[in-house]
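I am opening my notebook on a new model, and I want to write down what I look up in it, one entry at a time.

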Amino acid sequence: MSLSTQSAAGAYSRRVAVIKSQSIVEIRFSGREAGEIIAVYPQVCLSSCEAGSGRVTYGGRLICTLVYVDEDGKLCRVQKGAEFSHYADDDSLAPANTALCALSCERTQVKRDGSSYVVAAVIGAEISVYATLERSILTSAEGAVTLTETKKLFSAVTFTGESEVEDDFDCNAEDVLVPAAEVLVTDCNVRAGMAEINGEIYLSMLAIRDGKPVCFDRIIPFKSEIACEDALLARKAVCRAEIKEISVEARVDEEKGKCGVDAVIQLSFAGRYYDEEETQLILDAFSTENELKLAYAEETVSPCTEIKVFSERVSGLCATKAKLDFTCAMLAAALPKAEFVRTEKGIEGSLSATLLYEQNGEIRSTEINLPFAVDLIGLNNCGEEISVAVCGVNIRQRSEGECEAEAVVKIAVADSEDCSVRYVCEITEAEKLKANDCAISVYIPAAGDDLWSTAKSLRQSPDMIKETNPDLSFPLTGSERIVVFRGKTE
């Protein structure tokens, strides 16, 4: 019997590239705008990202806030912003691709240029590119014995959106100099037409109380819903959140004798999930008459199963750029952040903050760094998406010249499972098999052989193997002897 095959074509989406890029953005402050610099807080957000032929172009906005001491010894602030655009090249990119970009300010440097200050920020971009591809599925192969199973095939779906979070709370502060925030997504699910995102915003405010700098920390939970037109069934999703804008206003209630803060935070989201469908796939095939050449397609994805949140209190001796002794009065540890890398057991890195202290009647600042390592227990997979936030940094001196820090590190990890499928996408006939003239053959199997591998070795259908050897139990132990009878043919 000659071989006759039929195939079905379809489209699906998957991630085809992850590109990392860096750019430098500079903002100039004149000497009249800022005195002695005490703290620098950069805030970066994405404004556009578009894929083209061999290149993805992205743009954003950098807002830099400087805290400085004026001529009267008071703490003041000045803020400036700059728009920027950059690009990253990859030969596989095409205009039809979808690009999701996450921006971060990796480090900043303040340098003096004449009578001005120049703040140089290194902006890092991590870009995930998704493309729509063709999928060819072999649906039938007449003239061949096939191994067919029902498997799941996946297609990636991306979504983006924005939301606003408001909060008001009592805060014994006269003014807020710098509001800094980090955001973690603790859960994300899509359902018919929308994505539901839960998370926490870790707000750290450098403020003034009684003429001295202080730091206030607050955790703001949020629940946002954004449109996701492609969503039909309930699915677990992976989502990144970004702070687009922070607006904080201090207020005074003279009747109640209280001070408070009104906070409005603009968030942007970019996420993905996987649609899945079950279909019959041909996993292997052979012919009783001819050799067959099989072409395979293989797909591997890691759909999110759960977002797990870890909380770890870290402490120890920290490194400081300035020499501290008992003449230094600790005032505030502001603008905390963390840098980390993935390890075999979890993550390790360092958290940093700007320490404001008073020495000889002057307010000064230095950067502190505390190394940490956290084991992430109970994950099925390595955790592709990891976000880290720092809150509640405390600094103290137990002995002169040694500075100790303590903080809480919150970690959100998107746990996933690896789903891999390999199937036959094309079959072609090759040379004819050499006929076996023996009336009886004895086949000695290997331990662990299943029904399909045995049938393929004997070039007989699985039904025939079971019919002629009803006493066999699979998988085989290796001690069996299978007798094959061949009837006389004209």
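What percentage of the contacts in the protein with a separation of 6 or more is accounted for by residues 24 or more positions apart? I found that such residues account for 77% of these contacts, where contact means heavy atoms within 4.5 Å.

I note that this is a predicted model, in which local features need pLDDT of at least 70 and side-chain atom pairs count only at pLDDT 80 or more, while totals for chains, interfaces and linings use all residues. Residues are numbered from 1 along each chain as its sequence is written, and side-chain values use heavy atoms, with hydrogens and water left out.

Entry on overall form. I looked up the radius of gyration, taken over C-alpha atoms, and found 32 Å for the protein, whereas a compact globule of 490 residues would have a value near 23 Å by the rule of 2.2 Å times the number of residues to the power 0.38. The C-alpha trace spans about 115 × 50 × 50 Å along its principal axes.

Entry on Cys 419. I located Cys 419 in strand β22, residues 419-432 (strands are DSSP runs of E, at least two residues, numbered from the N terminus). Val 301 lies 118 residues from Cys 419 in sequence, yet their C-alpha atoms are 5.4 Å apart in space. Leaving aside neighbours within four places in sequence, Cys 419 has contacts that include Phe 154, Glu 299 and Val 301.

Entry on Glu 358. I found Glu 358 in strand β18, residues 346-359, and its side chain makes a polar contact of 2.9 Å with the side chain of Lys 212 (a pair of N or O atoms within 3.5 Å, one able to donate a hydrogen and the other to accept it, and residues adjacent in sequence count only if both atoms are side-chain atoms).

Note on methods:
Helix = DSSP H or I, 4+ residues; strand = E, 2+ residues; numbered from the N terminus.
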